[in-house]
Amino acid sequence: MKLRSVGPYLLLLVPAVALVLFADRFPSPMPVHWDASGRPNGYFPRTPLAMAFPLLLFGGILLLLDLIQASGARTGPPAMTEAVGRMLAPVRWLLALMALPTAFAPIWGPIPVLVAAVVLVLVVGIQVVRAPRMAPPGGEGWHGVLYVNPADPRLVVPKRSGLGWTFNFAKPIAWVIFTVLLLGPLAIVGAMILRAAAHR
């Protein structure tokens, strides 16, 4: 197994070890939300699960990306698999790097997380723009911006615009993944806000 595949997961061990070594420096309760002026206005109890949550979150995102890529590798052309891997490679490393400032936000504050998020958005944008044009402008299965083709075994397909990839929504799992990607982060943030408000 190549380092570029397991490297981001190994990188998550850095904040994991750091959390163990510096756990006693975290305030109790921990600030988890800040207002526009940078003052904390939401808190979480200092528990092992709460401290490890950023690592679990970013690890889960990495795993989801790898599962999508692996599905495309089984059913899609090799050229597309290689292109997807090249596009996601720096994104995977940045996601792993973001775990450290996110995990230590209760001590360092929100600025490092915001800086890392801006860098991640820029890199994602650059990678999408640089993505090779691998799909024709038209073709069977396209309904506007949605691709629905039961005859196509692929879960992930090139976008009709040729910039990036999308799901084959004829596959039920595509709707599940899309819903998780869309609503999952909102549900997590909402739960954290509600829980933080309950402990104020």
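Buried means under 20% relative accessible area, exposed over 50%, and partly exposed in between (1.4 Å probe, protein chains only). Phe-169 has 6% relative accessibility, so Phe-169 counts as buried.

This is a predicted model: local features need pLDDT of at least 70, side-chain atom pairs count only at pLDDT 80 or more, and totals for chains, interfaces and linings use all residues. Residues are numbered from 1 along each chain as its sequence is written, and side-chain values use heavy atoms, without hydrogens and water.

**Around Phe-169**

Phe-169 sits in the loop between strand S6 (165–167) and helix H7 (172–198). Helices (H or I, at least four residues) and strands (E, at least two) are DSSP runs, numbered from the N terminus. Tyr-147 is 22 residues away in sequence, yet the C-alpha to C-alpha distance to Phe-169 is 6.0 Å. Beyond its neighbours within four places in sequence, Phe-169 is in contact with residues including Leu-146, Val-148 and Ala-174. Contact means heavy atoms within 4.5 Å.

**Ring pairs**

Rings of Phe, Tyr and Trp (its six-membered ring) pair if their centres lie within 6.5 Å; planes under 30 degrees apart count as stacked, over 60 as edge-to-face and the rest as tilted. The structure holds seven aromatic pairs. Two of them are tabulated here.

| Pair | Centre distance | Plane angle | Class |
|---|---|---|---|
| Phe-169 and Trp-175 | 4.6 Å | 55° | tilted |
| Trp-175 and Phe-178 | 6.4 Å | 85° | edge-to-face |

Trp-175 and Phe-178 lie three residues apart in helix H7, about one turn. Trp-175 is partly exposed at 40% relative accessible area. Phe-178 is partly exposed at 34%. Ring pairs join Phe-167, Phe-169, Trp-175 and Phe-178 into a cluster.
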